[in-house]
Amino acid sequence: MTTVSPTPQSAMRLRELVFGAACAAAVRAAARLGVADALDDRPATAQELATAVHAEPRPLERLLRALSCYGIFAETDDGKYVHTEMSRMLREDAPNSLRYIALWCTEPWTWDAWPRLDEAVRTGRSVFPELYGKGFFEYLHEDARESAQVFDRAMTTSSKQSAEDVAKLLDLSGASSVADIGGGQGHVLASLLEKHPGLKGTLLDLPTVVANPDPRLRDGGALASRVQIVPGDCREEIPVQADVYIIKNILEWDDESTRRTLANVLKAARPGARVVIIENIVDDSPSMRFTTAMDLLLLLNVGGAKHSKASLVSRMGEAGLEVGAILEVNPYLHAFECTVPA
């Protein structure tokens, strides 16, 4: 067997990858310190930024230099620091802020879970119960309340950003009613109702979730008169009839939960109803590095999985849905257009 020596570039790249935790930790540190918020449009020295965020200048300079290697902040010829596209997204006030996503993906429990990925791969099960003596969401809400708040803000930010893309993509002009199943606080539903003034909507999610809906959907909100809020678990029952059902980012639990959810849609929906399933997928997507990483994190924390196009189409076909077009919502999301058979 002939051995081929690795190229210097490959060896360097692998070295960089195995130090990936350093990059993730550096992004987390910058987000927690508020460095991006302290830096405005004027170049600033590490000393100036350190004063603003109450840090030591030399270690902060080392942090900024490390981040600059990845295009997060940039160093000028005279040793000052300026924003880049990526560093601006760590600002709290950025319209497309990823600050809470960055914090969520690097929460303290993640550093305990990642080293046990080989165990999760070997067994096919979440490592969480063994790590913490309870399930992931139980741990989050009972023992890691700060992390739970970060999770809520991260999901809210992500949902608001993708809701606008979904509303731009979907044509609901022929529909009179839409149901957002497992729709969280209803950001997607609110965006669809704003786009289609004649549409009525229903939001279904767990009681604790729908207790705090998007302000537009609450009593007195701009869209409240056109919305019904239904507390419930879509894995148990979907007591809602609509022309269009939206199912976004909830089919990543175990296969049995996915089957039950889709079966419940078929039980509730009239023949000919549209079912739009929106998910991150782990193949045929420019976001594969992100989605495959999220897929592994799901394995670790809840034993779940992101879908490939084929696996999602297979689940929908097994449920009895007729699968039509597959549309790109944005680089991270695909919409699968389905119909309930007559």
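## Legends to the close-up views

**View 1. I181 stands opposite L204 in strand β4.** In this predicted model, local features require a pLDDT of at least 70 and side-chain atom pairs a pLDDT of 80 or more, whereas totals for chains, interfaces and linings use all residues. Residues are numbered from 1 along each chain as its sequence is written, and side-chain values rest on heavy atoms, with hydrogens and water left out. Helices (H or I, at least four residues) and strands (E, at least two residues) are DSSP runs, numbered from the N terminus; two strands pair if DSSP finds at least two bridges between them. Strand β3 (residues 177-181) and β4 pair in the parallel sense, over 5 bridges. Between these strands the chain passes through helix α13 (residues 187-195), and this β-α-β crossover is right-handed: with the strands pointing away from the viewer, the path from the first strand over the helix to the second runs clockwise.

**View 2. Strand β4 and its pairing with β5.** Residues are called buried under 20% relative accessible area, exposed over 50%, and partly exposed in between (1.4 Å probe, protein chains only). Because 5 of the 6 residues of β4 (residues 200-205) are buried, this strand is largely enclosed by the rest of the structure. Strand β5 (residues 227-231) runs parallel to β4 and is joined to it by 5 bridges. D205 stands opposite P231 in β5.

**View 3. Seven strands form an open sheet with mixed pairing.** The order of the strands is β5-β4-β3-β6-β7-β9-β8. At the edges are β5 and β8 (322-330), each of which pairs on one side only. Neighbouring strands are turned by 20° against each other on average, direction ignored; axes are lines fitted to C-alpha atoms, for helices over the stretch in contact, and angles run from 0 to 180 degrees between N-to-C directions. Strands β6 and β7 run parallel and are joined by 5 bridges. Y245 stands opposite V275 in β7.

**View 4. The largest nonpolar core has 26 residues.** A nonpolar core is a set of buried Ala, Val, Leu, Ile, Met, Phe, Trp, Tyr and Cys residues joined through side-chain atoms within 4.5 Å. In soluble globular proteins, nonpolar side chains tend to be buried together. Y245, I247, V275 and I277 touch the most other members of this core. Two or more residues each come from β3, β6 (244-248), α15 (255-268), β7 (274-279), α17 (309-319) and β9 (333-339). Helix α15 gives the largest share, 3 residues. Contact means heavy atoms within 4.5 Å. Leaving aside neighbours within four places in sequence, I277 is in contact with I247, L251, L262, L312, M316, L321, H334, A335 and F336. Apart from this core lies another, of 25 residues, among them V166, L172, V210 and V329.

**View 5. Helices α12 and α17 lie across strands of the sheet.** Helix α12 (residues 145-169) lies across β6, β7, β8 and β9, and runs at about 125° to β8. Helix α17 lies across β7, β8 and β9, and runs at about 25° to β9. S159 is located in α12 and is buried, with a relative accessible area of 15%. Beyond neighbours within four places in sequence, S159 is in contact with H187 and K248.

**View 6. A salt bridge joins E16 and R13.** A salt bridge is a side-chain nitrogen of Lys or Arg within 4 Å of a carboxyl oxygen of Asp or Glu, and the structure holds 23 of them. The closest N and O atoms of E16 and R13 are 3.3 Å apart. About one helical turn separates E16 and R13, because they are 3 residues apart in helix α1 (residues 8-18). E16 is partly exposed at 37% relative accessibility, and R13 is partly exposed at 39%.

**View 7. D41 and R88 meet in a salt bridge.** The N to O distance between the two side chains is 3.2 Å. D41 lies in the loop between α3 (35-38) and α4 (46-53) and R88 in helix α6 (residues 85-88), so the pair ties together parts that are 47 residues apart in sequence. D41 is exposed, at 66% relative accessibility, whereas R88 is partly exposed, at 37%.

**View 8. Further salt bridges.** The side chains of R42 and E48 meet in a salt bridge (4.0 Å, N to O). E48 is partly exposed, at 38% relative accessibility. R58, E61 and R65 are linked in a network of salt bridges.
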